[in-house]
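Let's take a friendly walk through a protein model together. Have a look at the sequence and the 3D view first, and then read on.

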Amino acid sequence: MVDGQVECSFYVDGKMYRVTGQSVLEVRKKEVGIRQRLCDEAEYQAQMVDWTLDELYEHYYKSRVGNRADNTLRLQAHEYHHLSETVVAGRKLGEYRVTRINYWTVEAVRNSLNDGRETAKSINHIIRYLSSLLNYAMKLGIIASNPARNFEPVHANFNDENAKKHRALSLKERQSFFRAANEYHAYWENLFRMAVLTGMRLGELGALCWGDVDEEGVLHVRRTLTVNLQGTPCVGKTTKTPDSQRDIPINREIAEVLKEQRERSERIDKKKDEDSSDLVFPSRRGTCLRNDSVNTALRLVCSHAGIEPFSFHAFRATFATCCVQQGMKPETLQKILGHASIVTTMDTYYHEDREKMKQAMNQGHIEC
């Protein structure tokens with residue numbers, strides 16, 4: 001008895017537990033309850049040790065519902081599907097026991113992804129997500145260490161096609177491109193023009209609704225495209241980052257594209273659903289844009305124009321480069337592009353090439 005209460009201590013697997021109560025019966029009931037809970041936890045722990053990566057992901061996903069934005073969960077679900085379907089030694093990675101995933105497994109995954117179809121950035125992102133899953137497995141006590149932690153990243157080969165795609169287009173390239181777009185792929189021409197005229201990302205243009213076109217002459221960038229759990233494109237609830245939400249003034253060229261696009265979009269038999277009924281740039285079927293469809297059209301236009309292929313992001317780089325050349329202030333360009341930091345804007349677009357630096361030094365004269 002301690003202070004009028006009954007106290008009992010007992011050991012389970014070398015660890016001492018202490019309970020107190022008003023009577024011996026109450027104390028014994030508490031002891032039985034603790035022993036049962038520990039037994040259940042041990043049994044559950046034994047089951048976890050046998051989990052596959054798919055089973056781990058399911059538990060991980062449920063633990064994040066309500067703690068992460070729906071857009072984030074949908075994107076990660078789509079990303080995990082890509083990861084789990086990767087075949088290593090004749091089996092899908094999702095079927096592997098978590099305890100059997102080691103350094104060589106991760107390396108095999110990376111090598112499998114690095115077959116030319118994925119960018120270095122995409123591969124590294126997928127490996128980081130695998131590392132997050134394995135960190136969660138460590139937290140649960142399934143594994144003692146994370147074989148994907150601090151894994152050597154894939155570095156872009158700047159001689160390959162992917163490294164050349166994110167470039168600003170010259171005036172001659174722009175003229176050839178849009179001439180070919182108008183002649184061979186007119187459906188996508190307005191989308192491409194809007195990208196060059198605003199610097200908006202493909203996801204932002206794909207999620208742009210007519211309700212975002214302000215009568216006061218402003219485009220309200222409030223959302224971006226994402227994917228649902230089935231991997232189907234849909235309109236998200238927000239943009240890529242909070243700083244990506246912005247207002248872009250509508251100039252004469254943008255107004256002309258919007259006018260033509262409104263006339264064109266009214267002729268499309270759109271699906272009457274929440275995601276796509278009011279889209280400015282729907283797909284040919286009236287649904288949300290798919291990246292692969294747009295990229296295919298982009299490659300075909302480049303082929304017809306006889307210019308080197310580039311990515312959709314090159315339109316954004318072209319817009320920014322033209323703004324810099326025309327003397328736009330860094331702070332203004334940062335707001336229009338939706339960069340979180342002006343450092344990003346300055347480092348990416350406000351830099352002198354070596355020839356200009358040489359000319360400037362030759363023109364300068366300092367007496368000493």
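This is a predicted model: local features need pLDDT of at least 70, side-chain atom pairs count only at pLDDT 80 or more; totals for chains, interfaces and linings use all residues.

Residues are numbered from 1 along each chain as its sequence is written, and side-chain values use heavy atoms, with hydrogens and water left out.

**Salt bridges**

A salt bridge here is a side-chain nitrogen of Lys or Arg within 4 Å of a carboxyl oxygen of Asp or Glu. By that rule, the model has 16 salt bridges. Here are some of them:

| Pair | N to O distance |
|---|---|
| Glu-26 and Lys-30 | 3.7 Å |
| Arg-264 and Glu-260 | 3.4 Å |
| Asp-292 and Arg-290 | 3.6 Å |

To place these pairs, we need helices, which are DSSP runs (H or I, at least four residues) numbered from the N terminus. Glu-26 and Lys-30 sit four residues apart in helix H1 (residues 24-49), so about one helical turn separates them. Arg-264 and Glu-260 are likewise four residues apart, about one turn, in helix H10 (residues 252-265).

How open are these side chains to their surroundings? We call a residue buried under 20% relative accessible area, exposed over 50%, and partly exposed in between (1.4 Å probe, protein chains only). Glu-26 is partly exposed at 30%, and Lys-30 is partly exposed at 37%. Asp-292 is partly exposed at 43%, and Arg-290 is partly exposed at 36%.

Salt bridges can also link up: Arg-201, Glu-204 and Arg-246 are joined in a network of them.

**Cysteines**

A disulfide is a covalent bond between the sulfur atoms of two cysteines. In this report, a pair of cysteine sulfur atoms must be within 2.5 Å to count as one. How many disulfides does the model have by this rule? The count is zero. Take Cys-323: the closest cysteine sulfur to its own is in Cys-322, and because the gap is 7.1 Å, the two are too far apart for a bond. Cys-323 is buried, with a relative accessible area of 8%. Cys-8 is buried as well, at 13%.

**A residue in a loop**

Where does Asn-146 lie? You will find Asn-146 in the loop between helix H5 (120-140) and helix H6 (161-164). Asn-146 is buried, with a relative accessible area of 10%. A polar atom of the Asn-146 side chain lies 2.9 Å from the backbone nitrogen of Ala-148.

**The cavity**

A cavity is a set of points on a 1 Å grid over the protein atoms alone where a 1.4 Å probe fits but cannot get out, and its lining residues have an atom within 4 Å of a point. Grid points are joined across faces, edges and corners, and the volume is the space filled by probe spheres set on the points. The model has one cavity of 30 Å³ or more, and the largest cavity has a volume of about 40 Å³.

Which residues line the largest cavity? They are Tyr-187, Trp-188, Asn-190, Leu-191, Gln-261, Phe-281 and Pro-282. Helix H8 (residues 186-198) gives the most to this lining, with four residues.

Definitions and conventions. On a 1 Å grid over the protein atoms alone, a cavity is a set of points where a 1.4 Å probe fits but cannot get out, and a pocket is an open set with protein on both sides within 12 Å along at least five of seven lines; lining residues have an atom within 4 Å of a point. Helices (H or I, at least four residues) and strands (E, at least two) are DSSP runs, numbered from the N terminus. A polar contact is a pair of N or O atoms within 3.5 Å; within protein, one must be able to donate a hydrogen and the other to accept it, and residues adjacent in sequence count only if both atoms are side-chain atoms.
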